[in-house]
Amino acid sequence: MAHLNVIRPGEDRGQIILVIGFMLAVSFVALALILNAAIYAENVASRSDTAIDGDPVDVRQETRAATRSILDYVNTHNYTAESTVQDSLRRNIEEYGDFAGRYAAIDSRYRATSVDSITSGSRIVQTEKGRSLTKRNGTVHWILARDTQVRAFEMAVSDNRSTVGGCSPTGDCFRLRITNPATGDTWQMAVYEDTSDMVVDVEQPGGTTFTCSPPPDGNDTTRIDLAAGTVDGQECAELGHGIPGPPYDIEIRNGNLSTGTYEMIVDNETIANSPDAGRFFGPTSSDSPRVTHAAYSTLLGLDQQTDRVTYNGTIRVAPGELP
Amino acid sequence: MTDRALSTTLSYVLALGITTVLASGLILAGGEFVSDQREQGIRTELQIVGEQLAGDLERVDRMVRADATGVERAVITRSIPDTVAGADYLVSLTDEPSPTLRLWTESPEVAVTVPIHNRTTVGTGILTEDHVRIYYDATQSEIEVDDG
């Protein structure tokens, strides 16, 4: 340090400046490291790490959609025995589960689908579109199913009155009535041909009424999908509103004043197991109206595991269930 | 002309003094800058960690909302950094007044809050480890977090 005491002109060594420069350099290196860590963290955050392959919500929807198709298939093929429908449904869902499981394994995911339970039901159907909507024996006011719940209820109805014109949900034209006997709530729908086109009038419990009249298409048949809330494919949001909760009775009034087809699945398997000969033909018949064996709903178990997500849940599938 | 206005000693003292003042100013300013940037870095990283955890919480919420009665088990795990810009930090989940994640460091004091947009009730808890488990407790009908 002795040299510090002697400063000769032109021999300044600037030790203090050097030390300070060194300190500043160290500070800025530290700053660079800190900023780099922050940039790295932002970079990591924007990668796909935040998304999850095979999100359980998506997997549920896929499984539900696939099972819906399988339900539709087994209910319209080989429906002559309850056990056949159940076996077919179980086998098809298990095959789908195996396939989906293998597909998920490609992405390093575990996915298993199991059939926890199947609720048997009956499919009530009329396929002869020229036939009136009466009971098998011709009775015009009749109950299709008692104390039940219905799903996938679709109709294609034409007015069969001698003179077309206005009507109402309590009038003298074809009507569908859904009543909960315990609460007394009644929802009813009249379908008729007005001067211009087909009209659907609905009366909710409490007396509120409204009309679903799709744009005139020159077609004298109207297609009604109660679950989807559509008339001739056009949305009528109020259509299914106010249908009382189950169990309810489904009744046709003035079945002779209309012709057409309908299809529904009710959660009561005894109708198909021992069909009332006055009301329906049996599962082996091709005449209308008939009742066949069906699966009303199924409860599936879904297990999924990825490196970050574990999910176990159940999915109940009953497409187009009312209300 | 060898006479000088200042003696060598005075000149030396002045040079040393001025250099020291200037250098001190530089170090202070530089240090302050580094400190500010570090806090900013910490805040950014806490925000990122918070957003990731909030994203996972909301994902569990969506799983539950898809069918609350059908969920038996919904768990998401996540590894988070054990320090942010060299500082230890803590994470807490609160539900008052609204579900929020709070992440903070004590030295320097930096705190970040991240709101959670959920419909399922969330529990409360403090996370101290670098491995987090977010899960749905079906018995309590609420989403909870703990150290995985």
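Met155(A) stands opposite Ile224(A), a residue of strand β8(A). The strands concerned are β3 of chain A (residues 150–159) and β8 of chain A (residues 221–225), which run antiparallel and are joined by five bridges. Strands here are DSSP runs of E with at least two residues, helices are runs of H or I with at least four residues, and both are numbered from the N terminus; two strands are said to pair if DSSP finds at least two bridges between them. This is a predicted model, in which local features need pLDDT of at least 70 and side-chain atom pairs count only at pLDDT 80 or more, whereas totals for chains, interfaces and linings use all residues. Residues are numbered from 1 along each chain as its sequence is written, chains are lettered from A and ligands numbered from 1 in the order in which they are written, and side-chain values use heavy atoms, with hydrogens and water left out.

The pair β3(A) and β8(A) belongs to an open sheet of 12 strands with mixed pairing, whose order is β10(A)-β9(A)-β8(A)-β3(A)-β12(A)-β1(A)-β13(A)-β14(A)-β1(B)-β8(B)-β9(B)-β6(B). The step from chain A to chain B is made where strand β14 of chain A (residues 309–317) runs antiparallel to β1(B), with five bridges joining them. Within this pairing, Thr310(A) stands opposite Val75(B) of β1(B).

Six bridges join β4(A) to the antiparallel strand β5 of chain A (residues 186–193), and among the facing residues Arg175(A) has Ala190(A) in β5(A) as its bridge partner. These two strands form a hairpin with six residues between them, and Gly184(A) in the turn has a positive phi of about 80 degrees. β4(A) is also joined by five bridges to β11(A), again in an antiparallel arrangement, where Arg177(A) has Glu251(A) as its bridge partner.

Arg146(A) lies in strand β2 of chain A (residues 142–148) and Asp249(A) in strand β11 of chain A (residues 248–253), so the pair ties together parts that are 103 residues apart in sequence. Arg146(A) counts as exposed at 52% relative accessibility, whereas Asp249(A), with a relative accessible area of 13%, is buried.

How do the two chains meet? Contact, defined as heavy atoms within 4.5 Å, involves 34 residues of chain B and 34 residues of chain A. Together the chains bury about 2900 Å², 65% of it on carbon and sulfur atoms, where buried area is the accessible area (1.4 Å probe) that two parts lose on being put together, summed over both. Three salt bridges are found across this interface. One salt bridge pairs Arg60(A) with Asp67(B), whose closest N and O atoms are 3.0 Å apart. α1 (8–66) and β1 (71–79) of chain B each supply at least two residues of the side of chain B that touches chain A, and α1(B) gives the most, with 22 residues.

Both Arg60(A) and Asp67(B) are buried. Elsewhere in chain A, Arg161(A) forms a salt bridge with Asp159(A), the closest N and O atoms being 2.9 Å apart. Salt bridges that share partners also join Asp55(A), Arg308(A), Asp56(B), Arg59(B) and Arg78(B) into one network. Of these residues, Arg78(B) is placed in strand β1 of chain B and counts as buried at 4% relative accessibility.

Definitions and conventions
Salt bridge = Lys/Arg side-chain N within 4 Å of Asp/Glu carboxyl O. Buried < 20%, exposed > 50% of the residue type's maximum accessible area, 1.4 Å probe, protein only.
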